[in-house]
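The following exercises concern a predicted model.

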Amino acid sequence: MTTKTTWPLVRVLRDRDAGLYLSGVVVSGFGTSALWLASGVWVKDLTGSDGLAALCMLAMWLPTLAGPLLGDLADRGRRRPLLIGVNLLLGALLLALVRVDAPGDLWLLYAVLFVYGTAGVVHDAAESALMATAVEPSLLGDFNGLRTTATEGMKLLAPLAGAGLYAAHGGAGVALLDAATFVLAAGLYVALRVREDKPAPPTGSRRRRTAEGVRHLWAHPVLRPLVLAGGATMLCAGLNGSMVYAVVDGLGHSPAYTGVLYAVQGAGSVAVGLLSGPALRHLGARRFAASGIALLALAVALRAVPSDPVALVCSAAIGMGLPAVLIAALTSVQRETPGALLGRATATAHTLVFTPNVIGLAAGAALVELVDHRLVLVTVGVALLATTAALCAPPAGAEAVPHR
């Protein structure tokens with residue numbers, strides 16, 4: 001544990017503020033993952049409609065489109081009090097879901113999920129900006145990798161716990177659990193010792209301030225290709241995700257086998273989170289992202305092979321390859337963006353990276369009924385290789401842009 005490759009990881013784990021923050025990620029991520037599963041099952045049980053159940057995910061994802069606008073809230077004041085307030089707000093808001101017990105109450109569930117998603121955009125922007133202040137720039141890659149490990153680890157455990165709690169106590173029980181996790185996360189943020197300077201009063205119109213985050217990402221020679229590659233990768237990931245049931249059907253298994261594939265994929269993401277810091281230091285952000293996308297391309301294309309061992313290996317490879325570009329892009333945004341602009345830049349980057357995933361899921365849902373899924377998977381693999389090629393030859397001096 002004293003080698004050069006592991007020592008920075010240990011330094012992050014020993015840092016008090018980083019440890020508290022990662023604990024908050026585990027706690028709130030557990031509640032969010034449990035609610036993500038339970039909300040759809042809840043609606044399905046009340047209405048019997050798959051379409052209405054799918055609207056739960058739409059309600060939570062839709063606010064991401066307003067990321068550049070919502071990110072301005074994270075730059076207007078100190079981020080730590082904002083995070084505490086957002087967590088307490090969500091904890092109180094979720095209590096309203098105990099009243100949902102009939103189809104006529106679903107408007108309340110959708111409204112809460114929409115506010116949940118909106119607050120999540122502000123929360124993610126504020127916490128990214130706060131941690132960029134609290135963690136040494138050289139350790140941000142290790143920190144973001146650990147964050148990925150914590151998040152993906154919760155995705156492996158929380159859905160099972162949420163399903164069990166839902167079976168025992170219904171959707172209201174899961175909502176109360178999620179509310180408790182947000183209150184606990186708020187307490188962890190209270191314990192942080194991060195010192196923040198009071199930001200200067202905002203100048204210019206709201207529209208102009210919002211546009212500053214977009215302009216910064218677009219003009220920056222390091223950030224623009226990483227964010228664009230992230231968006232292209234997530235578009236392809238959405239298409240790939242839509243094919244999973246067709247892949248399972250081709251293997252001759254029941255739909256429940258998707259749970260096995262997702263668990264293996266999650267394990268791959270947990271592993272790559274631990275390796276991200278050393279990989280970023282040795283390869284640089286662009287080459288680390290390109291390596292991950294290349295691995296993802298190979299794994300997606302090989303899913304066309306109807307073989308259980310191949311499918312399991314590909315799921316693990318997808319779990320390892322996909323987070324690479326996300327970690328590289330987020331870490332670079334934190335390193336290369338002035339603190340006063342970091343909330344807007346982070347929220348804008350999230351919008352540009354994650355919105356294509358929703359588009360890919362919708363497009364894939366239509367394509368899987370019209371085209372052989374194997375053709376789609378191979379085509380997506382080729383598209384990902386093209387994205388890799390665009391990152392393999394960075395412009396001269398791109399990596400030499402001084403950090404903030």
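**Exercise 1.** State in which helix Val 41 is placed, and decide whether Val 41 is buried, partly exposed or exposed.

*Solution.* Step 1: Val 41 belongs to helix H2, which covers residues 16–47. Step 2: the relative accessibility of Val 41 is 34%. Buried requires a value under 20% and exposed a value over 50%, so Val 41 counts as partly exposed. Step 3: the C-alpha atom of Val 41 is separated by 8.8 Å from that of Tyr 166, a residue 125 positions away along the chain.

**Exercise 2.** Determine how many disulfides the structure holds, and explain the result for Cys 236 and Cys 314.

*Solution.* Step 1: a disulfide requires two cysteine sulfur atoms within 2.5 Å. Step 2: for Cys 236, the closest cysteine sulfur is that of Cys 392, at 15 Å, which is too far for a bond. Step 3: for Cys 314, the closest cysteine sulfur is that of Cys 236, at 16 Å, again too far for a bond. Step 4: the structure holds zero disulfides.

**Exercise 3.** Find the count of aromatic pairs and classify the pair formed by Trp 61 and Phe 354.

*Solution.* Step 1: the count is four aromatic pairs. Step 2: the ring centres of Trp 61 and Phe 354 are 6.3 Å apart and the planes lie at 55°, so this pair is tilted. Step 3: Trp 61 is in helix H3 (residues 50–61) and Phe 354 in helix H13 (residues 342–367), so the pair ties together parts 293 residues apart in sequence. Step 4: Trp 61 is partly exposed at 27%, and Phe 354 is partly exposed at 24%. Elsewhere, ring pairs link Tyr 21, Phe 143 and Tyr 189 into a cluster.

**Exercise 4.** Identify the salt-bridge partners of Arg 344 and the network that contains this residue.

*Solution.* Step 1: the structure holds seven salt bridges. Step 2: one of them joins Asp 75 and Arg 344, with an N to O distance of 2.7 Å. Asp 75 lies in the loop between helices H4 and H5, 269 residues from Arg 344 in helix H13. Both residues are buried. Step 3: Arg 344 also meets Glu 212 in a salt bridge at 2.8 Å, N to O. Glu 212 lies in helix H8 (residues 206–219), so this pair ties together parts 132 residues apart in sequence. Glu 212 is partly exposed at 27%. Step 4: salt bridges with shared partners join Asp 72, Asp 75, Arg 79, Glu 212 and Arg 344 into one network.

Terms used. Residues are numbered from 1 along each chain as its sequence is written. This is a predicted model: local features need pLDDT of at least 70, side-chain atom pairs count only at pLDDT 80 or more; totals for chains, interfaces and linings use all residues. Side-chain values use heavy atoms; hydrogens and water are left out. Helices (H or I, at least four residues) and strands (E, at least two) are DSSP runs, numbered from the N terminus. Buried means under 20% relative accessible area, exposed over 50%, partly exposed in between (1.4 Å probe, protein chains only). Rings of Phe, Tyr and Trp (its six-membered ring) pair if their centres lie within 6.5 Å; planes under 30 degrees apart count as stacked, over 60 as edge-to-face and the rest as tilted. A salt bridge is a side-chain nitrogen of Lys or Arg within 4 Å of a carboxyl oxygen of Asp or Glu.
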